[in-house]
Amino acid sequence: MHYTGTIWRPPYEASSLLLEVTAGCTHHKCKFCTLYADLPFSFRMSPLEDIAADIKEASEMYRRLQGHQITRTFLTGANPFVLRYDRLTEIANLIRAGFPEMETIGSFARITDISTKSDAELAGLRKAGYDGLTIGIETADDEALRFMNKGYLAADILEQCGRLDRAGIRYSFFYLTGISGAGRGVAGAKATAAVCNQLHPTLIGANMMTIYPDSELYQEIRRGAWAEESETEKYKEVRTLVENLNIPTVFAALGASNAFQMQAELPRDRQKLLDFLDHVIEDVGEDELRRYRESVHHL
């Protein structure tokens, strides 16, 4: 298989076929991000012959596992959904040729990747099997989005994910706890909940901001231009987000950046989740939470 660098996937894609169609990120400007720093380039598309060869190799492997069928593919890379419509449909056709039983295809996507496609193209991609995108919106706090160079604002999240809703393409959000900075987490969480409440994410996954010395954000901190939230403040931010979400969705914190793993259905499990977060805030303590943050050497 043609895998390049560290392969990142959401926790819920563990059973999916991981197929590399891109490597790196087309944006590559977010101040906090170091995920693709190990690559000698910013972004690269995989040649179709490499994709076809990987599908053939994977198909032969799965055929040896008698009785095992795989029904979902996750395209790897920071934002494969940036690929043009024709390329994405060609990839879908290759996948189905190798795996006739394949039902859906997911990937990471940026908000800006959606905007480059017409409504008709989004509908066509849904018909081709694209469903269950994972979108790192990070926040709907416009001040934080601007400062971190995300390349879009809250209004863009609303517009583009509304288009996914109309096309029938399901999606999950990643929320980056701490992105608004010290003293602003609660406001950022409320702004994000207000946007999410107008959309239909199937899951909202929270990850905790972890700042590494090779990030641009680390240099901003050294210059005094930005200050990190305390660990306790981050959990107060998560609590605010949970408290203000009014849509049926799954809320999860499953990645390595989270000292405490959690997953719950909203609104059904809201109080149970709030009670757990209150326990973390009141009983665990900043020192223990900070020790965990400092132990996270790489995401």
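The exercises below concern aromatic contacts in a predicted model.

**Exercise 1.** Classify the aromatic pair of tyrosine 62 and phenylalanine 99, and state where its two members lie.

Solution. 
1. The structure holds 7 aromatic pairs, and tyrosine 62 with phenylalanine 99 is one of them.
2. The centre-to-centre distance is 5.9 Å, and pairing requires centres within 6.5 Å.
3. The planes stand at 75°; an angle over 60 degrees counts as edge-to-face, so the pair is edge-to-face.
4. Tyrosine 62 belongs to helix H1 (residues 48–64), while phenylalanine 99 is in the loop between helix H2 (85–98) and strand S5 (104–109). The two residues are 37 apart, and the pair links distant parts of the chain.

**Exercise 2.** Are tyrosine 62 and phenylalanine 99 buried or exposed?

Solution. 
1. The cut-off for buried is under 20% relative accessible area.
2. Tyrosine 62 has 15%, so tyrosine 62 is buried.
3. Phenylalanine 99 has 2%, so phenylalanine 99 is buried as well.

**Exercise 3.** Which phenylalanine rings have a lysine over them?

Solution. 
1. Lysine 31 lies over the face of phenylalanine 147, 3.9 Å from the ring centre.
2. The charged end of lysine 117 is over the ring of phenylalanine 81, at 4.9 Å from its centre.

Methods: Residues numbered from 1 in each chain as written. Predicted model: local features only at pLDDT ≥ 70, side-chain atom pairs only at ≥ 80, totals over all residues. Heavy atoms only, no water. Phe/Tyr/Trp six-rings, centres within 6.5 Å; stacked < 30°, edge-to-face > 60°. Helix = DSSP H or I, 4+ residues; strand = E, 2+ residues; numbered from the N terminus. Buried < 20%, exposed > 50% of the residue type's maximum accessible area, 1.4 Å probe, protein only. Lys NZ or Arg CZ within 6 Å of the ring centre and 35° of its normal.
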